[in-house]
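Hello,

Here is the structure I said I would pass on. My notes follow below it.

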Amino acid sequence: MDMHEEGASDTATELFGSFHLGDDEFALPASCIREVVNYPAKVTALPLSPAYLEGMFTLRGSVIPVVNLGRLFRADAPRAVATDKIAILDFQHVLIGIVFQDTGEILRVPASARSALQYAAGDSHAVIAGTILLDGGARLLQVLDPHALLRIENVPHVLALRATGAKLSTARYHAQSERRQCVSFHAAGATFAFEMLAIQEIIRVPELHSSLLNSELCLGRMHFRGSQVAVVDFGALLQAARSGKQATGEQRVIVVRLDDTSVGFLVDSVDSIVHFFGDEVLPIPLLSKARAAMFAGCITKEGLGDIIFLDHKGILSQAEIVEMRDGHKRLYPADTETASAATRQTQRRVYITFTVETRFAVEIGQVREIIDFSGAITTPPGMPACMRGMLNLRQQMISIIDLRQLYAMEPLADASAGKILIVERGAERYGFLVDHVDNIMTISDSQRFAAPQIIRTGAHDDLRSEMDEMIDIGTEAQRQTLSVFQCDHLLEKLGSALPQAA
């Protein structure tokens, strides 16, 4: 910006930065302008946001909501484009980005050239605090009010999150126990995540039964563990229009425990398991009160982008939870309480099910995270045939083991569709390349039994021969048997052949 002096003889001067938007020129107090940046390549849309909020992006550890001033004044104004600039405001410890087409000058403006404006309550133009007249009245600048721009409805929530993150950052280096896991999923064109501890199970979309409680939000009910569980369209929570398409193979129902009630959320796909620390959850300064309690913050991971982290306790109101729980019990009493006392007393464990030619299940505690297959894998010379290569995952080298190659199976037609299960063994990490990840399931110990001897002593090129337990799930009409994948068994066998990670 260029410096432009006006009215140097007037001692009551204030410094402003000017910006251009269409034919209009705006000004902001220079004291609240942190910096001006180019429009970022990736802006993540925020659900339930007003038309003037373009989305958010991360800048040096902070989440910046991006406001399109033109759409604030007129909802059908053009959206932001790649050539736009963003002025970052820093006011009341909250950052916000304002979209402009170009920057102007730094102006030192005397009090005599400034005037204030007042508005009726609720006027969208109230963000204009006043005007500046220069060049004898030939040049008019509209002065933006930073306080009005940052009058964010959940600012106290943002500041509380930031304070919590500051406390966690020191503890992070003293206790690995602070590490947490979440499951990311797609819905309504954005990426979200539930913390692992909130999830009971992730299943393919079952048969949904009609309910008198059906609504835009509640799609129906399903039989789950001897109870009637309401299934909620997660896209409807975000006020996204239903596509009207048939359910796809990628869709899943995530069963979440809310107080003493289980609720299923229909999502477009389940993507990955992501590990994080509490201080990595960045606060999101939302510009809407609509279901604001469900948004706990944002997690940004290399290769995964921005993930909107959810607080499962705030996703539905208490009234909605009670209606779904009590309503279904009252309307369908014959379908409830069908689980036997023995089943309720049996210990249950959570498994990830996946496929490598046949289906396997691995206890979720054995898997650090799940990532997509990456083209960034490098293959140094002298690697064993079963090694796909090495992957630099957040500054640590991961040995990628191709299970199909190890057991002489036909290679995948499209390796890019595969998933990598990241496991830890001491200080080392390894990745097992699998065909795809299917579900997350809660399975009773009574369904887990020793593998038949014929499988354990079978052909050496059968991955199932390395596993000494199996799981039997399903009904008599549709029964499935899964081998229990035990990472240590496989790594012990491969230990002498694997090169040590650098």
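P78 is exposed in this predicted model, because its relative accessible area is 63%, against a cut-off of over 50%. P78 belongs to the loop that runs between α1 (69–73) and β7. Leaving aside residues up to four places away in sequence, P78 touches N68 and R71. N68 and P78 are 10 residues apart in sequence, and their C-alpha atoms are 9.0 Å apart in space.

H275 counts as buried because its relative accessible area is 7%, and the cut-off is under 20%. The residue lies in strand β20, which covers residues 269–276.

- H275 to the side chain of R368, at 2.9 Å
- H275 to the side chain of E369, at 3.2 Å

Strand β8 (residues 94–100) is mostly covered, with seven of its seven residues buried. Both of its faces are covered: V94, I96, I98 and F100 are buried on one side, and L95, G97 and V99 on the other.

What does β8 pair with, and in which sense? Strands of a sheet pair through backbone hydrogen bonds, and the pairing is either parallel or antiparallel. With β7 (residues 85–91), β8 pairs in the antiparallel sense over seven bridges; K85 has F100 of β8 as its bridge partner. With β6 (residues 62–67), β8 pairs in the parallel sense over two bridges, and here V66 has G97 of β8 as its bridge partner. The hairpin of β7 and β8 has two residues between the strands, and Q92 takes a positive phi near 55° there.

S399 has Y430 in β29 as its bridge partner.

Last, the aromatic residues. The structure holds 15 aromatic pairs. One of them is formed by F192 and F234, and this pair is edge-to-face, with 5.2 Å centre to centre and 65° between the planes. The pair links distant parts of the chain: F192 sits in strand β14 (residues 190–195) and F234 in helix α4 (residues 234–237), 42 residues apart. Are these two residues buried or exposed? Both F192 and F234 are buried. The two also belong to one aromatic cluster, whose other members are F185, F194 and F265.

Regards

Technical notes
Residues numbered from 1 in each chain as written. Predicted model: local features only at pLDDT ≥ 70, side-chain atom pairs only at ≥ 80, totals over all residues. Heavy atoms only, no water. Buried < 20%, exposed > 50% of the residue type's maximum accessible area, 1.4 Å probe, protein only. Helix = DSSP H or I, 4+ residues; strand = E, 2+ residues; numbered from the N terminus. Pairing = 2+ DSSP bridges. Contact = heavy atoms within 4.5 Å. Phe/Tyr/Trp six-rings, centres within 6.5 Å; stacked < 30°, edge-to-face > 60°. Polar contact = N/O pair within 3.5 Å; in protein donor to acceptor, adjacent residues only side chain to side chain.
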